[in-house]
Structure formats: structure tokens, C-alpha cells
Amino acid sequence: MISGDARLKNGPSVSEPISMADTRTTEVLVIGAGPGGYEAAIRAAQLGKKVLVIERENLGGVCLNVGCIPSKALIHAAKRVVEIRHAADLGITTGPVSVDVKKLQAWKRGVVDGLTGGIAQLFKANKVDWIQGTATFTAKDAVSVRGADGKETNVRFQNAIVATGSRPIEIPGFKFDRRTVIDSTGALDLEEAPKKLVVIGGGFIGLEIGQTMRRLGSEVTVVEAMDQILPGQDPDLVRVLARALQKEGIRILTGAKAKGLEPQKDGSVQVVIEAKGAEERLPADKVLVSVGRRPNTESLGLDKAGVKVTPKGLVETNDKAQTSVATIYAIGDITPGPALAHKASKEGLTAAAVIAGDKGAALDYRALPWAVFTDPEIATVGLTEAQAREKGLDPVVGRFPFAASGRAKSTQATDGFVKVVADKKTDLLLGVHIIGPEASNLIAEAALAIEMGATAHDLALTIHTHPTLPEALMEAAEGVHGRMIHAVNRS
Ligand code: FAD
């Protein structure tokens with residue numbers, strides 16, 4: 001699992017992995033240094049605990065090394081390409097636009113290295129020790145750690161926080177070969193945009209990478225088995241995104257099942273799909289399979305510790321992030337719920353607080369935001385209208401289009417809208433759903449409002465800077481009461 005590069009990447013210059021000769025004891029053991037584990041470790045140390053982290057690969061986990069950060073770096077670059085191509089609309093003259101993907105990748109690696117190196121510094125500053133190795137439970141208060149050099153170390157702990165994350169799911173007929181059939185990690189490392197890319201899975205990872213590759217020059221087809229991309233999300237938002245992606249030339253096939261691969265003589269493949277009873281063959285140089293992720297729990301020895309695991313390999317926890325063994329906590333992608341970095345971090349901070357004796361610390365997912373960094377972006381928090389009805393509530397909706405926002409108009413980003421869902425009886429904010437420019441940033445105000453128990457009236461009464469995109473939230477909140485100024489209110 002541990003490559004030479006991976007072993008050297010984070011540590012030596014700032015925070016050396018400690019020597020592994022002895023049996024060690026610690027108050028808090030953290031397994032995995034992704035956004036769940038590293039934040040939990042730092043917080044537990046800040047709260048006065050002696051903390052030891054075991055990480056088998058790189059500090060920062062999936063998110064910083066092969067997930068959130070590198071994907072957003074490439075998305076940023078691809079968006080600049082589009083902006084430059086459309087600069088002529090604003091009277092700005094440019095020459096032909098080309099992208100040196102190798103150079104772009106080097107820049108991206110610099111971004112990642114800066115952040116992961118920063119974690120080593122933060123560990124040092126907070127007196128968090130760490131070992132590079134793979135941890136396996138041997139008892140409910142002990143793990144064995146196999147280091148990169150093959151040495152075994154036993155660690156005894158009072159409390160453990162398990163944060164071992166997840167990995168991409170492979171599907172039959174599409175074995176990852178890292179050459180033609182790739183996962184998100186492989187796709188984010190491509191040194192040139194493939195001529196023809198087929199993306200299997202229309203979830204957020206497939207769409208973000210698919211749109212990026214389209215903008216870097218690939219022909220892209222997205223194959224999704226369900227009847228819409230981003231299955232389960234509000235169809236009103238998804239419709240706007242699907243239209244925008246198709247306008248860029250991305251082919252989207254929904255209700256389509258990927259059945260297998262037919263290798264071609266020139267090294268490319270044909271992806272065989274079945275849609276509406278008919279078979280089709282899609283030519284591809286690369287096939288990105290992004291159909292979901294599997295928790296890294298099967299080789300952890302959780303049974304030796306007595307921790308219960310679901311048939312899907314997930315570890316269920318209570319609202320204190322405790323597993324079936326009260327001294328062992330589980331956080332992040334190995335627990336049920338959406339696989340998101342900020343969910344992992346919140347769970348980690350909560351586990352650390354509980355361990356340090358904070359009796360009030362508990363998880364509450366009412367205000368858990370979620371963002372898709374496509375262009376336009378989607379971001380949501382709280383309940384949709386349909387979910388509110390399922391809960392027996394009586395929701396009222398205010399909807400404000402970005403086409404009516406001065407800021408959106410003057411920055412050429414008028415696709416989309418803000419939808420505010422409030423409870424008719426109490427006016428409490430139940431959810432906010434955005435598709436449009438900067439949705440991932442705009443959702444923060446909505447999350448805070450829901451977290452604070454604000455009403456739609458509170459959001460509408462808050463003075464917003466003009467001209468800014470958050471004014472659209474204020475207007476949508478006014479819309480709940482039929483009082484939007486810059487759009488027509490429907491009674
Ligand atoms: P991870 O980040 O997976 O870290 C787990 C760590 O545990 C790893 O470093 C692993 O090496 C280590 N480990 C595993 N087993 C052992 C063991 N036995 N011993 C020692 N160490 C072990 N989320 C967002 O919120 N926003 C985004 O924009 C976003 N974009 C994404 C883009 C992509 C392409 C991908 C793949 C994911 C993205 N995610 C995003 C999801 C996000 O990366 C994960 O939800 C997050 O990393 C989960 O954090 P974690 O701490 O649970 O685990």
C-alpha cells in the first residue's frame with residue numbers, strides 16, 4: 001500500500017514520524033489522518049490529551065491528496081479556460097487558448113503539497129505524535145502497527161478514534177487497470193486530457209471531473225444508471241445543471257447501464273452500455289468509474305475490538321460518535337451518511353470533545369451543507385420541500401432567479417436560482433437549495449441561519465451588501481412571504 005514516494009511525502013522536514021521500536025501507550029489513538037482524523041487529533045491535543053496518530057499513506061487523507069483539493073484546483077483552472085475563451089464577449093481580445101496539462105498538474109501538486117505539509121507543522125505545533133504505518137486492532141484497547149519498514153509496534157490506548165476513510169468501488173467488467181479504466185485518483189493525475197472520456201456514474205465526483213476534462217479538451221459522455229444525474233437530489237436543481245453540461249457538449253445518458261468493455265486494436269476501448277432496452281457502444285481512450293466509495297474497515301480487526309460493523313462495512317455510531325464499544329469512536333467516510341470532508345471533520349471534533357469530558361458535545365446533522373463544484377455549482381443544506389412534507393411539515397417556498405440579480409448579471413453568471421424552504425406555521429428555515437454562481441460559498445449563510453434556528457423573516461431582515469450574490473438569499477427568503485422586490489411573486 002505504501003509507495004516510496006508516499007512514505008517520504010509529508011514528514012521529514014517538519015515533523016518526523018516517530019521511531020517505532022517500543023510498545024507505546026497513549027490517551028487518544030487516531031487511526032487515519034484525513035480531514036476527520038487530523039482535525040480530531042489536533043483538537044484532542046488542544047484539550048490536553050496525549051495523542052498518537054497512525055497514518056499508512058499521506059497526512060491529509062483522500063481529501064487533501066486525491067480528493068477535494070486537487071479536484072478543486074483543476075476545476076479552477078478549467079473555469080479560467082472558459083472565461084478566457086469568452087473574454088471577447090466583454091471586448092477583451094485574446095489569442096488562441098491552450099493548456100499545458102503537465103504544467104497544470106505540477107501546479108496542482110504544489111497546492112496539495114503545501115497543504116499536506118501544513119498538517120505536519122500543525123501536528124508539531126500541537127504536540128501530536130504520528131507514526132507512518134498500518135494499524136490493526138488486537139483488542140479493545142490495543143492496536144498493532146506495521147510500519148513502512150515492516151516493523152511491528154503495539155500501541156495501548158484509553159480511547160481510539162477510527163477515521164480510515166473510503167476507496168472507490170470497482171464494478172464487474174471494469175477492473176481498474178490504471179491505464180484505461182481509472183478511478184478518480186487516476187483521473188486527477190492525467191497528464192493530458194483524453195480524446196474521448198466515458199464517465200460511469202453521474203454523482204458529484206464524476207460530474208466535476210467530467211466537466212473539467214471537457215473544458216481541457218476531452219469529448220465526454222456520462223453514463224448514469226438512475227433516471228437523473230446526482231440521483232436523489234432536487235430535480236429542479238439537477239435540470240439546470242444537466243442543461244448547462246449538455247450546452248458545453250457533454251453527452252449525458254441516464255437510465256443507462258454500463259455492461260462491459262471491448263478492447264480495440266489501437267489500445268482504446270468500446271464501452272458497452274444498455275439504455276432503454278437497446279445496446280450502444282461508446283468509444284473511449286479512458287473510462288472513469290465513479291460509482292461510489294467503500295469504507296476501509298474490513299482489514300482493521302474491528303471484530304477483535306468488539307466493534308460492530310454493518311454488512312456494507314459501515315460503523316454505526318451514536319450522537320457522540322461512539323461505536324458499540326464506548327471508548328472507540330468512528331468518524332468520516334466509514335460511518336453512515338454522505339461521504340464529505342466537513343462531515344468527517346465535525347465528527348472528529350465532536351469525538352475529541354466527548355473524550356475530553358465535554359458532556360454537551362453531540363452531533364446534529366440538521367445543518368450539514370453539501371456542494372457540487374460543477375459550473376454552475378449546486379449547494380444545499382437542510383430539508384427539501386419533499387422531505388419537509390414527508391416529515392409532516394407544511395413547507396412554503398421562496399425562489400429567486402440569479403437572472404434577476406445585479407451581481408450575477410454583471411459577472412455573466414445568471415444560470416440558476418436560490419430556493420428557501422420554511423415552515424408555514426413557525427416560519428423556521430427548513431432548508432436552502434442553490435444552483436448558480438458561488439453556491440458553495442453562499443450556502444454558508446444558510447447553514448448558519450439554520451444552525452441558529454433563524455426564520456425566513458430573519459434572513460429577509462438581514463441587511464445584505466449590494467451588489468452581491470447573497471442578496472439572492474435575502475430575496476428568496478422574502479419570497480417565502482410573497483415580498484420579493486426584484487422578481488415577480490407568485491401568490
Ligand atoms: P480519508 O480522507 O479517506 O482518510 C482516511 C485515511 O486513513 C487515509 O489517509 C488512509 O491512508 C488512512 N488509513 C486507512 N486505513 C488505515 C489503517 N489501517 N492504518 C492507518 N491509516 C489508515 N468532500 C467534500 O466535502 N468536498 C469536496 O469537494 C470533495 N471532493 C472530493 C473529490 C474527490 C475526487 C473525492 C474522491 C472525494 C471528495 N470528497 C469531497 C470526499 C472527501 O474526500 C471525503 O469525504 C473525506 O476525505 C473523508 O475523510 P476521512 O477522514 O473520513 O477519510
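At what angle do the axes of α4 and α5 cross, and within what distance do they come? The legends below take up this helix pair and then other close-up views. The model is predicted, with local features requiring pLDDT of at least 70 and side-chain atom pairs counted only at pLDDT 80 or more, whereas totals for chains, interfaces and linings use all residues. Residues are numbered from 1 along each chain as its sequence is written, and side-chain values use heavy atoms, with hydrogens and water left out.

**View 1. Packing of α4 against α5.** The axes of α4 and α5 cross at roughly 140° and come within 9 Å, where axes are lines fitted to C-alpha atoms, for helices over the stretch in contact, and angles run from 0 to 180 degrees between N-to-C directions. This angle makes α4 oblique to α5, given that angles under 35 degrees count as roughly parallel, over 145 as roughly antiparallel, 65 to 115 as roughly perpendicular and the rest as oblique. Helices (H or I, at least four residues) and strands (E, at least two) are DSSP runs numbered from the N terminus. Ile69, Pro70, Ala73, Leu74, His76 and Ala77 of α4 meet Leu104, Gln105, Trp107, Lys108, Val111, Val112 and Leu115 of α5, contact meaning heavy atoms within 4.5 Å. By class, this contact has 10 nonpolar, two polar and one charged residues, with Ala, Val, Leu, Ile, Met, Phe, Trp, Tyr, Cys and Pro counted as nonpolar, Asp, Glu, Lys and Arg as charged, and the others, Gly among them, as polar.

**View 2. Packing of α4 against α7.** Helix α4 (residues 68–85) and helix α7 (residues 204–215) have axes that cross at roughly 40° and come within 9 Å, and the two helices are therefore oblique to each other. On the α4 side, Ser71, Lys72, Leu74, Ile75, Ala78, Lys79, Val81, Val82 and Arg85 meet Glu208, Thr212 and Arg215 of α7. The residues of this contact divide into five nonpolar, two polar and five charged.

**View 3. Packing of α2 against α10.** The axes of helix α2 (residues 35–46) and helix α10 (residues 341–355) lie 7 Å apart at an angle of about 30°, so α2 and α10 are roughly parallel to each other. Pro35, Gly36, Glu39, Ala40, Arg43 and Ala44 in α2 meet Ala341, Ala344, Ser345, Gly348, Leu349 and Ala352 in α10. Seven nonpolar, three polar and two charged residues form the contact of α2 with α10.

View 4. Glu55 places a polar side-chain atom 2.6 Å from an oxygen atom of the ligand. For Val62, a backbone N or O atom lies 3.0 Å from an oxygen atom of the ligand, and for His342 a polar side-chain atom lies 3.3 Å from an oxygen atom of the ligand.

View 5. Most residues other than glycine have a negative phi, and most peptide bonds are trans. Asp375 and Pro376 are joined by a cis peptide bond with omega of about 5°, and Pro376 is found in the loop between β17 (370–372) and β18 (377–382). The peptide bond from His466 to Pro467 is also cis, with omega near -5°, and Pro467 is found in the loop between α14 (456–461) and α15 (471–480). Lys127, which is not a glycine, has a positive phi of about 60° and is found in the loop between α5 (101–125) and β3 (129–139).

Note on methods
Polar contact = N/O pair within 3.5 Å; in protein donor to acceptor, adjacent residues only side chain to side chain.
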